Amino acid sequence: MRYPFGMQAQPARAATALKGGEVDYTDPRYWNGLIKMSLSKFFILCVLNRRRLHGYEIGKAVEQTTQGCCSPTPGALYPVLKEFEAGGYVTVEHEVVGGRHRKVYAITDRGREAFRVAVQAWSEVGACIAAGGADACGPEGCLPAGCG
């Protein structure tokens with residue numbers, strides 16, 4: 001299985017696997033890894049929404065912004081940036097700094113809109129979970145009214 005965003009998901013998956021290779025959904029490491037992988041794209045857009053950055057800076061800014069929760073490796077970060085560029089969410093400029101060639105990424109209007117939509121979506125999910133806690137998926141439905 002492929003694990004995006006440089007997460008240490010393979011060891012975590014091994015630790016959460018039951019006999020026969022099935023996933024142990026009772027293991028918090030499974031859910032934490034899943035959440036971290038999902039949030040990586042969000043935080044890449046987040047840091048680019050603040051300012052233009054080159055790839056290494058993006059990874060460090062995501063790590064700093066999330067206090068180490070999400071820390072994409074270069075091997076995971078650059079495919080996402082390429083995907084964002086292909087979709088028109090970021091632009092790339094080539095610069096030479098100290099004799100080194102760098103790609104500097106800047107968010108586009110389309111990228112800002114995607115980030116705005118992502119903020120709204122994550123806010124709604126977070127509010128629903130916070131409002132319902134462990135009871136968010138009780139007998140009356142999966143989420144409290146208005147959270148869908």
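User: Leaving aside neighbours within four places in sequence, which residues is His54 in contact with?
Analyst: This is a predicted model, in which local features need pLDDT of at least 70 and side-chain atom pairs count only at pLDDT 80 or more, while totals for chains, interfaces and linings use all residues. Residues are numbered from 1 along each chain as its sequence is written, and side-chain values use heavy atoms, with hydrogens and water left out. With contact taken as heavy atoms within 4.5 Å, and with neighbours within four places in sequence set aside, the partners of His54 are Arg102, Lys103, Val104 and Tyr105.

User: Is His54 buried or exposed?
Analyst: His54 lies in strand 1, where strands (E, at least two residues) and helices (H or I, at least four) are DSSP runs numbered from the N terminus. Relative accessible area, computed with a 1.4 Å probe on protein chains only, sets the classes: under 20% is buried, over 50% is exposed, and partly exposed falls in between. At a relative accessible area of 11%, His54 is therefore buried.

User: What is the length of the polar contact that joins the side chains of His54 and Arg102?
Analyst: A polar contact is a pair of N or O atoms within 3.5 Å; within protein, one atom must be able to donate a hydrogen and the other to accept it, and residues adjacent in sequence count only if both atoms are side-chain atoms. For the side chains of His54 and Arg102, the polar contact is 3.3 Å.

User: How many residues apart in sequence are the parts that the pair Glu93 and Arg52 ties together?
Analyst: The side chains of Glu93 and Arg52 meet in a salt bridge (a side-chain nitrogen of Lys or Arg within 4 Å of a carboxyl oxygen of Asp or Glu), with an N to O distance of 3.2 Å. Glu93 lies in strand 2 (residues 90–97) and Arg52 in the loop between helix 2 (28–50) and strand 1 (53–54), so the parts tied together are apart in sequence by 41 residues.

User: Which residues do salt bridges that share partners join into one network?
Analyst: Arg52 is partly exposed, with a relative accessible area of 38%. The side chains of Glu95 and Arg52 also meet in a salt bridge, at 3.0 Å from N to O. Through salt bridges that share partners, one network joins Arg52, Glu93 and Glu95.
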